[in-house]
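Thanks, everyone, for making the time this morning.

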Amino acid sequence: MRALIEELCGVFGPSGEEALMRELIGQHLAGLVDEIRTDRLGNLIAVRRPTAGNVEGKRIMLAAHMDEIGVMVTHVDAQGFCRFTTIGGVLTNTLIGSRVQFANGVEGAFGMEGSPLSRERPTPQKLFMDVGANSREDAAVQIGDTAVFRSGFGAVGDRLFAANLDDRIGCAVLIQTLRELESSPHEILAVFTVQEEVGTRGASTAGYGLEPEVVVAIDVTATGDFPEATPMEVALGKGPAIKIMDRRMIVHPKVRGWLENAAKANDIPYQLEVLEFGTTDASAVQVSRAGVPAGTVSIPCRYIHTPSQVADLDDARQAVSLLAHALGEEFA
Amino acid sequence: MTRDRLPPETDSFSLLKELSETPGVSGQEERIRACVSVHMAPLVDDLRTDTLGNLTGHKRGINPCGNKVMLAAHMDEIGLVVTRLEQGFLRFAPVGGVDLGALPAQEVTVHGRTDLPGLIASRPPHVLTPQEREKPFTKAELFIDVGLSADALAESVSVGDFISVRQSAAELGNGQATGKALDNRVSVVVLLQALRLLQQRSHAWDIYAVVTVQEEIGLRGAMTAAFQTAPDLGIALDVTYAEQPGASAEEAMPMGGGPAIGLGPNLHPVLRELLVDAAERTEIPYTNEVLPGNSGTDAWAMQVSQSGVPTALISVPVRNMHTPAETVALKDIERSTRLLAETICALPDDMSALALDRNG
């Protein structure tokens, strides 16, 4: 599974340009599902029909988003420096010192107007991107081109380091769940969504189109386990987190109970999560049509939305185990 | 159903007190829903709870014209949720727009394995530096004490348990009442009392009286209820800011001046005229509330459901909103009730009467 996460983290895929991710995930899903298709917005929808008929099954949508945050060029000046806007929740404080990569392989570094010794807080207006060009004509990028944050994939024991574990680790968990799940009474709609980082837009339309009876998102969540963190119980290495609430959604008690029961019955470590900022695809599907019971299985991840995110491989493995066990059981 | 077994009439304050004191933080509305159900059941033909927990009462029109009006009053209240257990105390996060400045020394109920009385603790003034005394507490400085040892606390409370404010409702002078969660239990009273008035009246439209959930965290219940109901018209019932020291006439509505009828892009101009006409015809005092964009009410969600719904908004002025010491003028509740009932009885059978281009 580590290799799968690393492979997914290496693929270019800012919100709105998820084609390479879709292609790679499609290859991994071959033979794992009964049907696979891409919808109008680009969501990849893989359907696994029920295989165990002894209990009542539901249509359960699982959502992991393929897109990642990034930047988009808005202007290239005469010297070849680029001004840019952000795609998704980019933290401006983290830009200086980070590297981005365009689809064509061009690298970008960030600079700020004025003295490098100034302690001024970076604002988007003062920042620019250096793409290795000497003039506008020389620049290998143009207005509208997008780039994603890239730093080498790293690992120390089970701790993984990458710029985009959000949500490549969730995509890996969903693929691995389909690999490990032997039989289920449920119709499983595994959806790899687009445009989550710009407002859960892919999940909104996939939820409307698929009309699931239950939705579970698989995404990363923040932790409270580093110095002066917002008080929060979630920590790395203590298992997946079963969400109770985030900025936009309160989890349906039945979904929470179903997941918690699966964890308890199979001795899977888990944590309960109350997140004070951010949300997931589940919040969009929850209010689709006349409403869908919604929940989220979260992979704890430090420094979310920065170019150096850290998560624990064992939490991802346990998330797979939790999902596979829950999906094998009745939703009750 | 038989309408000859109506429960005895309840006065608005008693009903408000009962609803105000029943807990119902967004996402955990079971108890308030059960309480509203008891009062609504005898007033409607059918009552059901949907996937997200909205309670919908359907009262059929007399000589029905086939049109549906959805009334939306949210039953959830702002509150807190446990984020961490720390040395026998609880850390928390707000659910909805909680006024942190009004929290210290509040009594609360922690809805753990059982209901536990607790309070919001903070450091006493004696140990604060002069600079610290100048500033309100931040959330990181506040914690909840339920008096239990760390071990006993971990037995009874877990991360994710909801916390509601504990405050009894009371009558004040000059026909006013105070309590917690008057946003929006006041409107639930308006809805129930209007349904009661309508028992004796003739209305052609089918009424879907929806008591919504999760309004305080983003109008979520109203979105799905509006989709399910697919109404021809929507009327949201909520509260608005009442004038008080520090809130001028430009920012707030007069207390005791009657319902505020919303005016702005969220509200349908022709439907709004129907409300104004109903108020003037029946001599109900009212005010105009100008809402330049998002009204922040269930009307905002209803308006864009499916292919669009003309919406109106009736708001009751409330002071000290989003604190445990909200106050309301009881006569504003009574007037809003009459305005709602009169409007429903005056809805036109033909939807073309609501067309925006009346020359076209």
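This is a predicted model: local features need pLDDT of at least 70, side-chain atom pairs count only at pLDDT 80 or more; totals for chains, interfaces and linings use all residues.

Let me begin with one crossing: helix 2 of chain A and helix 3 of chain A cross in a right-handed sense, where a crossing is called left-handed if the near helix is turned anticlockwise from the far one by less than a right angle, and right-handed if clockwise. As for labels, residues are numbered from 1 along each chain as its sequence is written, and chains are lettered from A and ligands numbered from 1 in the order in which they are written.

The axes of helix 2 (residues 19-29) of chain A and helix 3 of chain A come within 10 Å and cross at roughly 20°; the axes are lines fitted to C-alpha atoms, for helices over the stretch in contact, and angles run from 0 to 180 degrees between N-to-C directions. Helix 2 of chain A and helix 3 of chain A are therefore roughly parallel to each other, given that angles under 35 degrees count as roughly parallel, over 145 as roughly antiparallel, 65 to 115 as roughly perpendicular and the rest as oblique.

Which residues of helix 2 of chain A meet helix 3 of chain A? They are Ile25(A), His28(A) and Leu29(A), and they meet Cys171(A), Ile175(A) and Leu178(A) in helix 3 of chain A, a contact requiring that the C-beta atoms of two residues, placed from the backbone, lie within 7 Å. By class, the residues of this contact are five nonpolar, one polar and no charged, where Ala, Val, Leu, Ile, Met, Phe, Trp, Tyr, Cys and Pro count as nonpolar, Asp, Glu, Lys and Arg as charged, and the others, Gly among them, as polar.

Staying with helix 3 of chain A, its next partner is helix 1. Helix 1 (residues 2-9) of chain A packs against helix 3 (residues 165-180) of chain A at an angle of about 135°, with the axes 9 Å apart, and that makes helix 1 of chain A oblique to helix 3 of chain A. From helix 1 of chain A the contact takes Leu4(A), Ile5(A), Leu8(A) and Cys9(A), and from helix 3 of chain A it takes residues including Cys171(A) and Ile175(A). The residues of this contact divide into nine nonpolar, one polar and one charged.

Helix 3 of chain A passes helix 7 of chain A in a right-handed crossing. Among the residues that make the contact are Ile169(A), Ala172(A) and Glu180(A) of helix 3 of chain A, and Ala316(A) and Leu323(A) of helix 7 of chain A.

Now to the chains. Chain A has seven helices and 17 strands. Its radius of gyration is 20 Å, close to the 20 Å that the globule rule gives for 332 residues, so chain A is as compact as a globular protein of that length; the radius is taken over C-alpha atoms, and the rule is 2.2 Å times the number of residues to the power 0.38. Chain A is divided into domain 1 (2-66 + 164-328) and domain 2 (70-149), with bounds that come from an automatic or database domain assignment. The C-alpha centres of these two domains of chain A are 31 Å apart, and 10 residues of domain 1 are in contact with 12 residues of domain 2.

Chain B has nine helices and 17 strands, and its assignment gives domain 1 (12-77 + 180-354) and domain 2 (79-165), with C-alpha centres 32 Å apart.

Finally, how do the chains meet? In the contact, 21 residues of chain B touch 17 residues of chain A, and helix 6 of chain B supplies the largest share of the chain B side, five residues. By class, that side has seven nonpolar, 10 polar and four charged residues.

Definitions and conventions: Helices (H or I, at least four residues) and strands (E, at least two) are DSSP runs, numbered from the N terminus.
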